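Please keep the 3D view open and go through the points in order.

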Amino acid sequence: MVGMLEGKVVAVTGAARGIGREVALLCAREGAAVVVNDYGGSEHGEGSDESPAQEVVREIEAAGGCAVANAASISDPAGATSIIEDGVSRFGRIDAIVNNAGFLRDAIFHKMSIADWRAVIDVHLNGYFYVAKAAAQHFREQGSGSYVNFTSTSGLIGNFGQANYSAAKMGVVGLSNSIALDMGRFGVRSNCIAPFAWSRMTASIPAETEAEKLRVERFKSMSADKVAPLAAFLCSDASKDVTGQIFSVRKNEIFLFNRPLPIRSMHRSEGWTVESIASDLIPAMKQSFQPLKRSAEVFAWDPI
């Protein structure tokens with residue numbers, strides 16, 4: 001049986017562990033040659049190690065697939081470019097990018113350091129741009145290509161203690177949507193996935209109360225392999241008409257997010273003053289104001 005990615009070359013960042021590893025393995029099983037990128041750092045982005053990426057390559061090759069390891073940091077433009085170059089030089093082309101690499105440095109906002117802010121932005125936003133940019137000309141020249149960018153409900157909805165990560169992941173949505181608009185004319189598509197999956201990055205979730213412990217146990221059932229099929233589909237030609245979308249995966253559920261749109265408006269022909277806003281606009285729109293909730297509260301029901 002021919003896989004849905006037969007003949008394709010897919011680069012997956014952060015591919016040595018968790019979701020990235022499962023995506024790389026599934027893409028290989030579906031017939032793709034895979035560039036397995038992973039810097040090999042800790043869950044906080046510290047240190048480096050080439051062996052995790054090489055281990056995934058060996059696993060793919062042992063199953064009869066084709067892969068090459070790349071241990072570059074995507075926060076370095078030259079390193080990001082090397083990921084694409086490895087795919088083109090080794091396999092002759094590049095067809096899809098899965099931007100998944102990342103780490104967490106959580107802290108409540110008023111205690112967050114500048115260093116932790118920059119470190120997370122450099123990987124989750126700048127790094128995704130660097131990798132996407134490095135592939136853009138190849139996609140343009142061949143008239144096809146797919147970007148699969150991992151965002152998070154922490155960015156889409158918000159989360160406690162994750163201002164850096166949330167800002168970066170909401171930025172990924174803007175980046176992905178703009179790529180979809182800019183490069184659609186060249187047959188290139190770009191989509192986002194906000195995953196729910198137990199991994200190194202979610203293992204730090206506090207579990208002190210009984211409710212928190214129950215939530216963590218439910219979270220553990222959301223294995224990383226549940227996210228991989230959607231990512232592989234978005235890399236395939238079967239998704240050629242899907243672009244500019246935001247999906248989420250939670251165990252056996254796939255969600256499609258809507259885009260922010262105006263929900264109500266008011267007009268004053270004479271214009272607004274501070275006083276008229278206070279007396280007219282705020283009371284009239286109050287019923288449309290939505291309470292701010294953490295992503296954990298929005299998706300609090302039991303997984304299917």
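**Notes on helix packing**

1. Start with handedness. The crossing of α3 and α4 is right-handed. Keep in mind that this is a predicted model. Two packed helices are described by the angle between their axes and the distance between those axes.

2. Now the numbers for this pair. Helix α3 covers residues 77–91, and helix α4 covers residues 114–142. They pack at an angle of about 40°, and their axes are 8 Å apart.

3. Which residues in α3 and α4 meet? From α3 come Pro77, Ala80, Thr81, Ile83, Ile84 and Val88. From α4 come Tyr130, Val131, Ala134, Ala135 and His138. By class, this contact has 9 nonpolar residues, 2 polar ones and no charged ones. Look at the spacing as you trace the helices. An α-helix has 3.6 residues a turn, so residues three or four places apart point the same way.

4. Take α4 by itself. It has 29 residues. From its first C-alpha to its last it reaches 41 Å, close to the 42 Å expected at 1.5 Å a residue. Where is the kink in α4 centred? It is centred on Asp122, and the bend there is about 40°. Just after α4, Gly143 takes a positive phi of about 75°.

5. α4 also packs with helix α6, residues 163–183. The axes of α4 and α6 come within 8 Å and cross at roughly 15°. That makes α4 roughly parallel to α6. The crossing of α4 and α6 is right-handed.

6. The α4 side of this contact includes Trp117, Ile121, Leu125, Phe129 and Phe139. On the α6 side, Tyr165, Val172, Leu175, Ile179 and Met183 are among the residues that take part. How many residues of each class are in the contact of α4 with α6? There are 17 nonpolar, 3 polar and 3 charged residues. Asp116 and Arg140 in α4 and Lys169 in α6 are in the contact.

7. Finish with helix α1, residues 18–29, and helix α2, residues 51–62. Their axes come within 10 Å and cross at roughly 25°. That makes α1 roughly parallel to α2. α1 passes α2 in a right-handed crossing.

8. In α1, the contact residues are Arg21, Ala24, Leu25 and Ala28. They meet Val56, Glu59 and Ile60 in α2. The residues of this contact divide into 5 nonpolar, no polar and 2 charged.

Definitions and conventions:
Residues are numbered from 1 along each chain as its sequence is written. This is a predicted model: local features need pLDDT of at least 70, side-chain atom pairs count only at pLDDT 80 or more; totals for chains, interfaces and linings use all residues. Side-chain values use heavy atoms; hydrogens and water are left out. Axes are lines fitted to C-alpha atoms, for helices over the stretch in contact, and angles run from 0 to 180 degrees between N-to-C directions. Helices (H or I, at least four residues) and strands (E, at least two) are DSSP runs, numbered from the N terminus. A crossing is left-handed if the near helix is turned anticlockwise from the far one by less than a right angle, and right-handed if clockwise. Contact means heavy atoms within 4.5 Å. Ala, Val, Leu, Ile, Met, Phe, Trp, Tyr, Cys and Pro count as nonpolar, Asp, Glu, Lys and Arg as charged, and the others, Gly among them, as polar. The expected span of a helix is 1.5 Å times one less than its number of residues. The bend at a residue is the angle between axes fitted to the seven residues ending there and the seven starting there. Angles under 35 degrees count as roughly parallel, over 145 as roughly antiparallel, 65 to 115 as roughly perpendicular and the rest as oblique.
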